[in-house]
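Hi,

Here is the structure I promised to pass on. Have a look at it first, and my notes on what turned up follow below.

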Amino acid sequence: MIKQWLQRNLKGDAVLWGIVLMFSLISMAVVYSATGTLAYKQKDGNTEYFLFKHSSLIFIGLAFMWLAHKIDYRYYSRLSLVALILSVPLLLYTFFFGSNINEASRWITIPVINQTFQPSDLAKLALISYLASMLSKKQDKLDDWKRNLLPIFAWTGFICALIALTNTSTAVLLFLTSLLLMFIGRVPMKSLAVFVIAGAMLGGVGLAAGQRLGTAISRVEAFFNESETAFQLEQSYIAIATGGVVGKGPGNSDQRDILPHPYSDFIYAIILEEYGLLGGALVLFLYLALLYRGLVTVTKSNGAFGGLLAAGLSFSLVLQGMINMGVAVGLGPITGLPLPLLSMGGTSLIFTGISLGIILSVSRTVKDEETLNVIVKANA
């Protein structure tokens, strides 16, 4: 009975559904531990406050994921340009009038529900969908610079520059994802070299005109300064070192009371402290498994748009996860990027759910076509 219901309602890659469920359970457990003391101090002893809030957002994200996977992925091609155009005024509004948190205006507060919204999440999803759509339509015309490549390069550079006004790390991540998507989409290497140079210049302008230039420079300098370790990284190292192989156990973290943002930017350090090297390896394995299932969907997709769309969204999520984990263990400068599917968040969980739902939509269509082919052959 349950199996039949799942088969009717949860279409697409069953392994990917399982991976997302695993991430959700781990996220609720780790966020509950990482926010216990914070909730006790801020919410009059209600240590479950952030657990219930985060769990509610996870279920909302899963609901959006389910809805997105029920829609034929080809419709997202039509919506991508509209969403991209809509994201431009939202990004500009955020820069000038957005809620300022940690010296950056990255959020718009939604009235009535009093929930913050990051327009860069919408812009990232819209740009990846737009690139997948345009590259799939112009596969045989990518040598035509002015007519076909220029609009792609212009939109990518413009959106990344707008995001760089308030969020350097997200802009860099989106630029790298776009570059990878263009490479997969068979954009000539000479054109990609021009794109990198032009993109770096536009990104530099956005960074210089924005709010994060000083922060970006100081973080890069701190990373290369071997004589002094940033406070966040020092506390992260302590959490990782004391966690050992098997960890201190769920809820037994000591560094959650000292480490800044243990529930978002440095949640991987808390995972390593409480669950040890084994828990950290499991999380890394889940991200690699997510990437693998995304690439399986890419290879099985019959259309260029579906393959590029699944590839772009999979790489975006996993690359962000790798960067976050790399920062926690000292392999890169501090970025402020949350760990997708695990960090406590607001509307970012919803957009992550939509991204995964779109990948599942591509996978569902592939499976439906395979089933149809089997039926046709059986009746032939």
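Let's begin with what a cavity is here: on a 1 Å grid over the protein atoms alone, it is a set of points where a 1.4 Å probe fits but cannot get out, and lining residues have an atom within 4 Å of a point. Grid points are joined across faces, edges and corners, and a volume is the space filled by probe spheres set on the points.

Before the findings, two housekeeping notes. This is a predicted model, in which local features need pLDDT of at least 70 and side-chain atom pairs count only at pLDDT 80 or more, while totals for chains, interfaces and linings use all residues. Residues are numbered from 1 along each chain as its sequence is written, and side-chain values use heavy atoms, with hydrogens and water left out.

**Cavities**

By this rule there are 3 cavities of 30 Å³ or more. The largest cavity holds about 120 Å³ of space. It is lined by 13 residues, and Ser-24, Ile-58, Leu-62, Leu-341 and Leu-349 are the closest to its centre. Helices H2 (14-42), H3 (49-70) and H13 (347-379) each give at least two residues to that lining; helices (H or I, at least four residues) are DSSP runs, numbered from the N terminus. Sorted by class, the lining of the largest cavity has 8 nonpolar, 5 polar and no charged residues. For these classes, Ala, Val, Leu, Ile, Met, Phe, Trp, Tyr, Cys and Pro count as nonpolar, Asp, Glu, Lys and Arg as charged, and the others, Gly among them, as polar.

The second largest cavity has a volume of about 40 Å³. Its lining is made of Leu-91, Thr-94, Arg-106, Pro-119, Ser-120, Ile-163, Thr-166 and Asn-167. Helix H4 (75-97) and helix H5 (119-137) are the elements that give two or more residues to this lining. In the second largest cavity the classes come to 3 nonpolar, 4 polar and 1 charged.

**Helix packing**

H5 turns up again here. The axes of H5 and H6 come within 11 Å and cross at roughly 170° (axes are lines fitted to C-alpha atoms, for helices over the stretch in contact, and angles run from 0 to 180 degrees between N-to-C directions). H5 and H6 are therefore roughly antiparallel to each other (the word is used for angles over 145 degrees, and roughly parallel for those under 35). On the H5 side the contact (heavy atoms within 4.5 Å) includes Ser-120, Tyr-130 and Met-134, and on the H6 side Pro-151, Trp-155 and Ile-163 are among the residues involved. The residues of this contact divide into 11 nonpolar, 2 polar and no charged.

Helix H6 (residues 145-164) also packs against helix H8 (residues 189-209), at an angle of about 30° and with axes 8 Å apart. That makes H6 roughly parallel to H8. Among the residues that meet are Trp-145, Phe-153 and Gly-157 in H6, and Val-194, Gly-203 and Leu-207 in H8. The contact of H6 with H8 divides into 10 nonpolar, 5 polar and no charged residues.

Enjoy exploring!

Notes
Angles under 35 degrees count as roughly parallel, over 145 as roughly antiparallel, 65 to 115 as roughly perpendicular and the rest as oblique. On a 1 Å grid over the protein atoms alone, a cavity is a set of points where a 1.4 Å probe fits but cannot get out, and a pocket is an open set with protein on both sides within 12 Å along at least five of seven lines; lining residues have an atom within 4 Å of a point.
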